[in-house]
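Hi,

Here's the structure I promised to pass on. Have a look at it first, then read my notes below.

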Amino acid sequence: MPDAVVIGAGPNGLVAANVLVDAGWTVEVLEAQEEPGGAVRSDRAVHPDYVSDVFSAFYPLAAASPVLARLDLAAEGLRWTHAPSVLAHPLTDGRCAVLERRVEDTCAGLAGFAAADGDAWMDMYRTWCRLGPDVVQALFTPFPPIRSGLRLAARLRASGGLRLARRLALPVRRLGEEEFAGEGGRLLLAGNALHADLAPEAAGSGGFGWLMSMLGQSHGFPVPVGGAGALTAALVSRLRRRGGVLRCGERVAAVDVRGGAAVGVRTAGGETVGARRAVLADTSAPALYRDLVGEEHLPTRLVRDLERFHWDFATFKIDWALTGPVPWTAPGAVGAGTVHLARGVDGLTRFAAQIAAGQVPDEPFTLFGQMTTADPSRSPAGTESAWAYTHLPQEIASDAGDDGITGRWDAREQQAMADRVEAQVERFAPGFRERIRGRRILAPTTLQAMDENLRNGAINNGTTALHQQTVFRPTPGTGRPETPVKRLYLASAAAHPGGGVHGAPGANAARAALRLHGLPALLHRAQRV
């Protein structure tokens, strides 16, 4: 019997398992899919000569994560690489806001939109340089982040205190308007905020847009050499070298609860796997509580809170094998790993408003990845391995376009939505479709079938909005990985600090199990209040 069973071999589950084996625990990881990685996988299914990242692709949070840094995955062969430019947001008139690797180059480009905007970006970056390390440490530390929080509070006071806090609480549209006279800086902030489900008018979207923009400026948007699967392979290699066990194709059907404590799991095949000390779940919160534990083991208040659990946007993704580089009208987009496609901040607002109304957007905000530009090993010289994704409502009420998309996602609807995304690319890169050698469509239901944590392709395991962060994540409580069931810990992005590939939820759950084993009652009792 292992000391711990980890449900799910996504990045958080694998990080949790690695932290536990480092502490001398025996660990068994059970993964439902036939391969590990969760939303960090790559393959050659689009074309045998092209490596495609199936889900996530660029990893600024991984680059900044102290959790992953402590695992020293370079010793397992993991290498990172960067595109010449971090991110671009082209406009149809040929102008382009570009987040460059060097802050001086970013500033020079933004000054082309408005003379003072280069200085404004530099001021924003200098603030990040003062606060960034403590922001990252506080973000990836179990809640509440007492030590890093105290350091951050002291630095915040020295950097403008309440005025800076106000700016970060602003909607990203308002933050951009206050900080930048031209459109370039506003686009970079707002586009980065919509990497999550935060509309330009949402409170706090300014802080998230600032965080992602500054991470991009300081750490870039790196990619693993050879594909996203290289990151998973490094985590798996490290785990196995230290004696951890990983079993794929083993779906967990239930958590075995006795006397109010988790004592193991039962698989879909009927096997019981006991856990001497803890069970850690890299699953969505609704799946853990409703499907694996069962409402009979949970406080009535938590069961009611789960009815209000708020998923983030659904996702529709396309992978392409291209015969040549993307023919961007704006030269600034050519060297960017990530390209944002929307008609200005107003286009982002329109897109988010349609989703809020339950409509399939007619001009979808498209996040486009140029993977060979970032990593030449991904496809033959002169070609491009590319992808794009856009967001959709979790529940579709109507289609703002003319195709009558309902969310059935049959072949006709998948084709119609793919055509709509490609039309958006064509607005900024005429002739794009002529370079398509191969294509794969990943509809929301397909993404969920490939990774059950991605409900309709929800990539953050719950909304990033303020009402489901910190002590509200995944439901109102302590903001910690402990659950009402003793010896059971939530180790997924459904827990604080949420989505992104950084490993913090898994590490937090593992440390909670290590720290509290033997004396867990206090915090588990707090979760039942």
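Let's start with the rings: there are twelve aromatic pairs in this structure. Rings of Phe, Tyr and Trp (its six-membered ring) pair if their centres lie within 6.5 Å; planes under 30 degrees apart are called stacked, over 60 edge-to-face, and the rest tilted.

Before going on, a word on the source: this is a predicted model, where local features need pLDDT of at least 70, side-chain atom pairs count only at pLDDT 80 or more, and totals for chains, interfaces and linings use all residues. Residues are numbered from 1 along each chain as its sequence is written, and side-chain values use heavy atoms, with hydrogens and water left out.

Back to the rings. F316 and W409 make a tilted pair, 5.5 Å centre to centre with 40° between the planes. This pair links distant parts of the chain, 93 residues apart: F316 sits in strand β14 (residues 314-322), and W409 in the loop between β19 (398-399) and α16 (411-428). Helices (H or I, at least four residues) and strands (E, at least two) are DSSP runs, numbered from the N terminus. Both F316 and W409 are buried, meaning under 20% relative accessible area, while exposed is over 50% and partly exposed is in between (1.4 Å probe, protein chains only).

Next come F351 and F365: their ring centres are 5.8 Å apart and their planes stand at 75°, so this pair is edge-to-face. F351 belongs to helix α14 (residues 344-356) and F365 to the loop between β16 (359-360) and β17 (366-370), so the pair ties together parts 14 residues apart in sequence. F351 and F365 are both buried. There is also an aromatic cluster made of W320, W328, F368 and F432.

Now the cores. A nonpolar core is a set of buried Ala, Val, Leu, Ile, Met, Phe, Trp, Tyr and Cys residues joined through side-chain atoms within 4.5 Å. The largest one has 98 residues, and W121, W128 and L280 touch the most other members. Helix α5 (residues 117-139) gives the largest share of this core, nine residues. Apart from it lies another core, of 31 residues, including A88 and W409.

Why is strand β6 (residues 85-90) largely enclosed by the rest of the structure? Six of its six residues are buried, so the strand is largely enclosed. β6 runs antiparallel to strand β7 (residues 96-100), joined by five bridges; two strands pair if DSSP finds at least two bridges between them. A88 has V98 as its bridge partner in β7. The hairpin of β6 and β7 has five residues between the strands, and G94 there takes a positive phi near 95°. β6 also pairs with strand β15 (residues 336-341), in the parallel sense over three bridges, with S85 opposite A336.

Two last stops. Helix α18 (residues 504-516) has 13 residues and is mostly covered, with ten of them buried, among them P505, N508 and L516. T372, in helix α15 (residues 371-374), counts as buried at 11% relative accessibility. A polar atom of the T372 side chain lies 2.8 Å from the backbone nitrogen of S385.

Cheers

Notes: A polar contact is a pair of N or O atoms within 3.5 Å; within protein, one must be able to donate a hydrogen and the other to accept it, and residues adjacent in sequence count only if both atoms are side-chain atoms.
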